[in-house]
Amino acid sequence: MSTKAKAKPKAAKKNHAASSIVWFEIPADSPERAKKFPGMMEYWHIDTGGGDDTPDGGMIARKHPGQPITNYVSVKSVTKSMAKVEKLGGKVCMSKTAVPQMGYFAICQDTENNTFALWEMNAGAK
C-alpha cells in the first residue's frame with residue numbers, strides 16, 4: 001500500500017454553451033440572375049424553413065472577386081469578441097456596426113484568412 005497522497009482531481013471546467021451560427025450571407029455575381037432562383041429583391045432574405053433555432057440568411061451583391069459566404073456567430077459582446085479575435089491572431093476587417101433595433105455586428109478574419117461575422121443581439125442598437 002502506497003503512503004503517497006493521491007493527487008486531487010482538477011476542478012471540472014465550466015460547461016459553456018458553444019456559439020451558434022445565427023445568420024449567413026451569400027454573395028452573388030449577378031443578383032438579377034440569382035434572385036430568380038430564390039425569388040428575392042435588393043437584400044434578399046433567405047428563409048430556410050426551419051424553426052427559430054435554425055439560421056436564416058440573405059443574399060447580397062458580390063462586392064469583390066472571391067468574396068466568401070459569411071456566417072454570423074452569436075456572441076454576448078461584439079466588443080469583447082473582437083478583442084479576443086485580435087488576441088488570438090485574427091483581425092477585425094469591419095468594426096462594430098449597428099443594425100438599428102436589432103443588434104451589432106463586426107466582420108473578422110481568422111489566422112487562415114477565413115471571414116466570419118460576430119453578432120450581438122441588442123434591441124437598443126442605434
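**A colleague's note on this predicted model**

1. Let's start with the cysteines: the structure holds zero disulfides. Quick reminder: a disulfide is a covalent bond between the sulfur atoms of two cysteines. Here it is counted as a pair of cysteine sulfur atoms within 2.5 Å.

2. Before going on, some housekeeping. This is a predicted model, where local features need pLDDT of at least 70 and side-chain atom pairs count only at pLDDT 80 or more, while totals for chains, interfaces and linings use all residues. Residues are numbered from 1 along each chain as its sequence is written, and side-chain values use heavy atoms, with hydrogens and water left out.

3. How far can you trust it? pLDDT is the predictor's confidence in each residue, from 0 to 100. The protein chain averages 83, and 79% of the residues score at least 70. (Contact means heavy atoms within 4.5 Å.)

4. Now the overall layout. Helices (H or I, at least four residues) and strands (E, at least two) are DSSP runs, numbered from the N terminus. The protein chain has two helices and seven strands, and along the sequence they come in the pattern β-α-β-β-β-α-β-β-β. Confidence is lowest in helix H1 (residues 31-36), with a mean of 71, and highest in H2, at 98. Of the contacts between residues at least 6 apart in sequence, 46% join residues at least 24 apart.

5. What about the inside? Take buried as under 20% relative accessible area, exposed as over 50%, and partly exposed as in between (1.4 Å probe, protein chains only). Buried residues make up 29% of the 126 residues in the protein chain. A nonpolar core is a set of buried Ala, Val, Leu, Ile, Met, Phe, Trp, Tyr and Cys residues joined through side-chain atoms within 4.5 Å. The largest one has nine residues: Val75, Val78, Met82, Val85, Tyr104, Ala106, Cys108, Leu118 and Ala125. Helix H2 (78-87) and strand S6 (103-109) are the elements that give two or more residues to this core. Apart from it lies another core, of six residues, including Ala28, Trp44, Ile46 and Met59.

6. Is Cys108 buried or exposed? Cys108 is buried, at a relative accessible area of 0%, whereas Cys93 is partly exposed, at 44%. Even so, Cys93 is among the residues that Cys108 contacts, along with Val85, Lys91 and Leu118.

7. Not counting residues up to four places away in sequence, Gly103 touches Thr97, Ala98, Trp119, Glu120, Met121, Asn122 and Ala125. Among the contacts of Gln109 are Val85, Gly90 and Phe116.

8. Over in strand S4 (residues 70-74) you'll find Thr70. Thr70 counts as buried, at 10% relative accessibility. Leaving out residues up to four places away in sequence, Thr70 touches Trp23, Phe24, Glu25, Ile107, Thr115, Phe116 and Ala117.

9. Most residues other than glycine have a negative phi, and most peptide bonds are trans. Gln101, in the loop between S5 and S6, has a positive phi near 65°, and at 66% relative accessibility this residue counts as exposed. Asn113 has a positive phi as well, near 70°. Asn113 is in the loop between S6 and strand S7 (115-121) and counts as exposed at 55%. Leu88 sits in the loop between H2 and strand S5 (91-99), and is exposed with a relative accessible area of 61%.
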